[in-house]
Amino acid sequence: MTPPDQSNQLVLIVDDDDDIRDLLSAQLGRAGFATIGAASLDEARSALDCHPVRVMLLDLSLADGDGMAFCRDLRAEGYSVTIMMLTARDRAADRVEGLEGGADDYLTKPFEPRELIARIRNLLRRGQHRDELTGRFASFGPWRLDLARRRLSGPDERVVILSTTEFAILRRLLESPRLELGREELLPERKETVWFDRSLDNRIARLRAKLARAEGGDGLIVTVRNKGFLLACDVTYV
Amino acid sequence: MKLRSFWARFDSLATRMTLFLALGATLAAITSLTLAERYRQNQMRLYRAERITQSARGLVGLLTVAPQRTRAELAGNRVQGAHLLENSRAPVRESDPAVSAALSRAFAPDVRAGAFSTDPQVCLARPVTTFARRAAGYLGADTECWIVTLTFARPVGGESELVLALDLAALPRPATLGLSPGFILIVAAASLVLSFLVAQVTLGFMRRLTKAAQAFANDIEAPPVAETGPRDVRTTFAAFNHMQQRIRDAVRDRTQILAAITHDLQTPLTRLRLRLELVPEEGLRNRLVADIAAMQRLVTEGLVLARSGEASDDWALVDVESLLASVVEDAADAGQPSITLGRVEPLEIRVKPEALQRCLQNLVDNALRYGGSARLDCTTTADEVQIAVSDNGPGIPEHLLGDVFKPFVRAEGSRSRQTGGTGIGLTIARAQAETFGGRVQLANRPDGGLVATIAVPRR
Ligand SMILES: Nc1ncnc2c1ncn2[C@@H]1O[C@H](COP(=O)(O)OP(=O)(O)O)[C@@H](O)[C@H]1O
Ligand SMILES: [Mg+2]
């Protein structure tokens, strides 16, 4: 189930609660990840410098500083490690700030352990070209996908709401623009559940209908015969 | 009916102020004008008394110095404006205390003097007088004739009593301008206009205050009123702003306390949730996970409720169909196939999208939990867009329809049913709707079940 290149990837857990660090470490270990822990921002920085960290799970309220600022500093200094904020701050505004500050994902505590692992895998899959992939909005065609609020913004402050699955599919398409994506690739987190092909087709059809509501929004998702789908435009992050 | 509509119109401070001020100003103008006329009239009477006295004194003087010649001149009507009244009877028309007072001041104590006015004809009847007056350009009607009787203690010019008839220009008739309809109309119209302007100026400030209070009622983050205008108005606005700030601070404090508690609860909850993964027995683990989820829901919903006054989301034009379809799809994906999309008019509404989403989600959760199904419709009326969530469940007893919006109020039955709700879902739904000017209403459907409606004003 886990793609081979994802095992033994090093995850850095930054959290000042020892129990949570240990519990997370055990949890991730069972899922096949290698982990190291850091109880403070200082420790986190030296861990980043000494180890080939692929993903950092960052708590925001730490004894020696604020994770938001830390994340911003790292980005300013050119660190490209994948950062996932893992915090009790659950306001939409915090999520917006986190993503705008350079985090790749944002998960609020408490969380479903399975959800965490699915998200880490997801991040790792697109981790290679993360430089072009950060920002609050993914801009494509006439639309912007609001990654923090999980909805589509069109021209003149129009908003189209997406279902969770539609968001996931679109997000996946946006990660690999102009690349053919197989049916399985479009719904990776849900591969455990039974997915009928019709269901995916229906969802793509609905997504297309929603995208077509703005001028120039039709024809963005192209069907590739016997293979899957492809996003037929470029994506920029702002 | 007419009285009603008059009362409706009168039931406004602007109208009352305008009417009272206009009425008052008109009365004041009329009164002051009338008083001024009285005063002038009085002055004229004093002046008349003085003239009569001076004439009488002059004649008495002449009689003392040259009795013969003066008599002859008086008898020959050669004195302008005076003659002796001999024998002819003069009817009394008016006596004036001012004249008597002036006379007795001038002649007492040697002479007793009395005076009354009589028919002008008494003075005018003499031919010479008439011609002389005409020559002098007098008009007959404007003449008053005063009879002055002087009784001397020591005879003057051989006479012990002298009766003089003095003619003088009549006092102007007392003017009644103050009561003339034209005047009243002009004054009333002018004061009406003025009062209207005053009322407008005064109420301008009140309207600003009203607007600010309404804005504050809708959004606790509403900007303060601009403190401009005259000093007392500025003071009022400042007081209002101060109150607004105090309320905001109090709410913020409360929210912060709640946020702090929630935040601190989240760490142990996170630990607990992670530890549960170590519980080997699946049945037990699932039940524990559900318990933690219930705790977690209470904590976060309390926080959401406390924060619902904050305007965290921006206004946007939301495509209603996309919203309803996404809610239906998410519920279906979560294993709730009994949710359906009914009739949805294609339209966009100006709301705070996140607030509307949360509001709708809570109503849908209730419909699914208590009604076993949910149907979403969107219809429009002249001034509202209505999003309705209907179910086929038991509904809510009529007398509880209003109460269930209160925090932690749950209808009988759902408390014992262990449905895992917190009792603040509807409270949150209503508070969230209010952030964008929407209203949430519940009603039992005639054919069974509940319909929860979010009404959004069209702009
Ligand atoms: N669709 C519905 N059908 C019947 N009863 C309902 C429905 N929606 C709400 N209620 C009643 O209103 C109460 C309050 O609802 P809510 O504020 O959402 O709290 P909770 O769902 O957490 O109990 C519920 O406990 C339930 O008794
Ligand atoms: Mg509820």
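This is a predicted model: local features need pLDDT of at least 70, side-chain atom pairs count only at pLDDT 80 or more; totals for chains, interfaces and linings use all residues.

In chain A, five strands form an open sheet with parallel pairing, in the order 2-1-3-6-7. Its edges are strand 2, residues 34-38, and strand 7, residues 105-108, each of which pairs on one side only. On average, neighbouring strands of the sheet are turned by 20 degrees against each other, direction ignored. Within it, strand 1 (residues 10-14) runs parallel to strand 3 (residues 55-58), and four bridges join the two. There, A:Val14 stands opposite A:Leu58. Helix 5 of chain A, residues 113-125, lies across strands 3, 6 and 7, and runs at about 175 degrees to strand 7.

We now come to the interface. How much area do chain A and chain B bury between them? The value is about 3,200 Å², with 48% of it on carbon and sulfur atoms. The contact takes 33 residues from chain A and 36 residues from chain B. Across this interface there are 11 salt bridges; one of them may be seen between B:Glu354 and A:Arg149, whose closest N and O atoms are 3.0 Å apart. Helix 1 of chain A gives the largest share of the side that touches chain B, six residues. That side divides into 12 nonpolar, five polar and 16 charged residues.

Finally, strands also pair between the chains: strand 11 of chain A and strand 5 of chain B (residues 316-319) run in the parallel sense over two bridges. Here A:Arg158 has B:Leu317 as its bridge partner.

How values were computed:
Residues are numbered from 1 along each chain as its sequence is written. Chains are lettered from A and ligands numbered from 1 in the order in which they are written. Side-chain values use heavy atoms; hydrogens and water are left out. Two strands pair if DSSP finds at least two bridges between them. Axes are lines fitted to C-alpha atoms, for helices over the stretch in contact, and angles run from 0 to 180 degrees between N-to-C directions. Contact means heavy atoms within 4.5 Å. Buried area is the accessible area (1.4 Å probe) that two parts lose on being put together, summed over both. A salt bridge is a side-chain nitrogen of Lys or Arg within 4 Å of a carboxyl oxygen of Asp or Glu. Ala, Val, Leu, Ile, Met, Phe, Trp, Tyr, Cys and Pro count as nonpolar, Asp, Glu, Lys and Arg as charged, and the others, Gly among them, as polar.
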